[in-house]
Amino acid sequence: LRKMQEEFALHDLAIEDALSAHQRPKVERYENSLFVVLRTAQIDDPRPNKPCDVRYGEVHIFLGRNFIVTVRHGYATSFSQVRTRAESTADLLKQGPAFVLYAILDFIVDQYFPIVDALGEELESLEQRVFTQPFSRRTTTLIYKTKRDLIALKRVVAPVIELAARLIRFEDEDLIPTQTRPYFRDVYDHTLRINDMIDGVRDLLGTALEAHLSLISVSQNEDTRRLAAWAAIFAVPTAIAGIYGMNFDAMPELRWRLGYPLVLALIIGL
């Protein structure tokens, strides 16, 4: 990176951010270049019926008039597909590094769609568990885990909306040509769609959690009523047995031979 800085006259602050990583998605303008930060997200094990374990990484991009440099941190795939796509569209590649920037943005944003779909499938599975299976702590734990995954993905996706909007309105023709800006509008639209999908899944997940807690409350109320009914049933024989257990000498029917079986019959009848 230090050699790249000398070669392309990159700013010290941008190099410092690229070295340390852990940046939020953003776009910053320096003297002769742009510095763009994006968060990547991918499913660790995309096989069917597997928990959606999302891994995150970072991509830092230096964009100049005649160069583009990418720096990947953490869980980020190679951009070989982006290179192949750019080289296969020579007419678009003539627009310069700005089109490559669009191709990278589009590639990263498209990787968000499978994650939202996987989280949506987890939501459907959780809804089925809530309404068809007995209540368990594991169901509540899975609901909270899925909600936490959605919040983490939301933090990655939401800043890209502002980032793409800034690139659409960018004023420097040398860095972002006018003919390239409509492509960033496509990225903007995709990001808005993903953001809306995340909000929709999160709202449904909140509803599922409320339904789960409500069903637990209903079940507890039924158990409470059942226990109260049995308590009322046992209250009558307890009272009768308590009266006859006071051991006074002058009690009615105390010397009566049929008193014991009759009292038992009365208790069972009641």
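Predicted model: local features only at pLDDT ≥ 70, side-chain atom pairs only at ≥ 80, totals over all residues.
Is Asp17 buried or exposed? Asp17 is buried, with a relative accessible area of 14%, where buried means under 20%, exposed means over 50%, and partly exposed covers what lies in between, computed with a 1.4 Å probe on protein chains only.

Residues are numbered from 1 along each chain as its sequence is written, and side-chain values use heavy atoms, with hydrogens and water left out.

Let me begin with the charged pairs. Searching the whole structure gives 9 salt bridges, each being a side-chain nitrogen of Lys or Arg within 4 Å of a carboxyl oxygen of Asp or Glu. One of them links Asp17 to Lys26, with the closest N and O atoms 3.2 Å apart, and Lys26 is itself buried, at a relative accessible area of 16%. Asp53 and Arg55 also form a salt bridge, at 3.7 Å from N to O; here Asp53 is partly exposed at 37%, and Arg55 is partly exposed at 35%.

A further salt bridge joins Asp199 and Lys154, whose closest N and O atoms are 2.8 Å apart. Asp199 lies in helix H8 (residues 181-244) and Lys154 in helix H7 (residues 137-168), so this pair ties together parts that are 45 residues apart in sequence; helices are DSSP runs of H or I with at least four residues, strands are runs of E with at least two, and both are numbered from the N terminus. Shared partners also join Asp17, Lys26 and Glu28 into one salt-bridge network.

That brings me to the sheet. Glu28 has Phe35 in E2 as its bridge partner, and strand E1 (residues 26-29) pairs with strand E2 (residues 34-43) in the antiparallel sense over 4 bridges, where pairing requires that DSSP finds at least two bridges between two strands. The open sheet has 4 strands in the order E1-E2-E3-E4, with antiparallel pairing, and its edge strands are E1 and E4 (68-74), each of which pairs on one side only.

Finally, the helices around it. Helix H2 (residues 12-20) lies across E1, E2, E3 and E4 and runs at about 160 degrees to E3, with angles running from 0 to 180 degrees between N-to-C directions of axes fitted to C-alpha atoms, for helices over the stretch in contact, and contact meaning heavy atoms within 4.5 Å. H7 packs on the sheet as well, touching E1, E2 and E3, and its direction makes about 150 degrees with that of E2.
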